[in-house]
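Subject: Structure handover

Hello,

Here is the structure for you to look at. My notes on what was found in it follow below.

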Amino acid sequence: MYDRILLPTDAEKGTELATEHAIAAAERTGAELHLLYVVDSDVYASYSGDEYVHEFEGLEAALEQVGEDALESAAEAAREAGLEPTTVVRHGSPHEEILAYADEADVDLLVMGSKERSGEYRQLLGSVTDRVARLASRPVTIVKTPVEEDDAD
């Protein structure tokens, strides 16, 4: 049913359930697993970076390293399940890059994590998962993770 599954990750707490779901789906279907982290260009483009002396020590590089670490963690879990995942880091607007990669790699399913929060909190903030689910032309599975309100930064 699925030949290629995409798991975008944001390196945030609570992505473990989505990772487990994507790995299990890839195992069951024999699908390729693609792991994607998008460095949000709006975050580093709006930052002056005055504290950094050298461009490679800048916020963009730090965010990229966070993404690479998150991808390696998910890739290691996939390898333990007998999969050989493809890992990709991109720069740009997260929902746009996720949708673009899904089209380019011709994935059959996107598996995304979402923090389950109260309705009031949800109304104040949109999420990348919400945007991808609304705009995707292919199936999206949303794996919700309950989050305590104290954990909601």
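A salt bridge here is a side-chain nitrogen of Lys or Arg within 4 Å of a carboxyl oxygen of Asp or Glu. The model is predicted, so local features need pLDDT of at least 70 and side-chain atom pairs count only at pLDDT 80 or more, while totals for chains, interfaces and linings use all residues. Residues are numbered from 1 along each chain as its sequence is written, and side-chain values use heavy atoms, with hydrogens and water left out.

Salt bridges

Side chains of opposite charge can pair when their charged atoms come close. The rule above gives seven salt bridges. One of them links Asp106 to Arg4, with 3.4 Å between the closest N and O atoms. Asp106 sits in the loop between helix H4 (94-104) and strand E4 (109-116), and Arg4 in strand E1 (residues 4-9), so this pair ties together parts that are 102 residues apart in sequence. Helices (H or I, at least four residues) and strands (E, at least two) are DSSP runs, numbered from the N terminus.

For accessibility, buried means under 20% relative accessible area, exposed over 50%, and partly exposed in between (1.4 Å probe, protein chains only). Asp106 is partly exposed, with a relative accessible area of 41%. Asp106 also has a positive phi of about 50°, although it is not a glycine. That positive phi comes just after H4.

Another salt bridge joins the side chains of Glu72 and Arg79 at 2.4 Å, N to O. Both ends are partly exposed: Glu72 has a relative accessibility of 42%, and Arg79 one of 32%.

Glu104 and Arg90 also meet through their side chains in a salt bridge, at 2.2 Å from N to O. Glu104 lies in helix H4 and Arg90 in strand E3 (residues 86-92), so the pair ties together parts that are 14 residues apart in sequence. Glu104 is exposed at 55% relative accessible area, whereas Arg90 is buried at 16%.

Chain as a whole

The protein chain has six helices and five strands, and along the sequence they follow the pattern β-α-β-α-α-β-α-β-α-α-β. Of its 153 residues, 42% are buried. A contact means heavy atoms within 4.5 Å. Among contacts in the protein chain with a separation of 6 or more, 77% are between residues 24 or more positions apart. The accessible surface is about 8900 Å², and 46% of it belongs to carbon and sulfur atoms; these areas come from the Shrake-Rupley method with a 1.4 Å probe, and for residues only the protein chains shown count as cover.

In H4, the buried residues are Pro94, His95, Glu97, Ile98, Leu99, Tyr101 and Ala102. Their cover includes E1, strand E2 (32-40), E3, E4 and helix H6 (128-135).

Pro8 is in strand E1 and counts as buried at 10% relative accessibility. Leaving out residues up to four places away in sequence, Pro8 touches Leu36, Ile98, Val111 and Met112. The C-alpha atoms of Pro8 and Ala18 are 9.3 Å apart, and the two residues are ten apart along the chain.

Second largest pocket

On a 1 Å grid over the protein atoms alone, a cavity is a set of points where a 1.4 Å probe fits but cannot get out, and a pocket is an open set with protein on both sides within 12 Å along at least five of seven lines; lining residues have an atom within 4 Å of a point. Grid points are joined across faces, edges and corners, and a volume is the space filled by probe spheres set on the points.

The second largest pocket has a volume of about 180 Å³. Its lining is made up of Thr9, Ala11, Glu12, Thr15, Glu16, Thr19, Glu20, Ile23, Ala70, Ser73, Ala74 and Ala77. Helix H1 (16-29) and helix H3 (59-80) each supply at least two of the lining residues. By class, the lining has five nonpolar, four polar and three charged residues, where Ala, Val, Leu, Ile, Met, Phe, Trp, Tyr, Cys and Pro count as nonpolar, Asp, Glu, Lys and Arg as charged, and the others, Gly among them, as polar.

Thr19 lies in helix H1 and is buried, at 11% relative accessibility. Not counting residues up to four places away in sequence, Thr19 touches Leu7 and Ala74.

Regards
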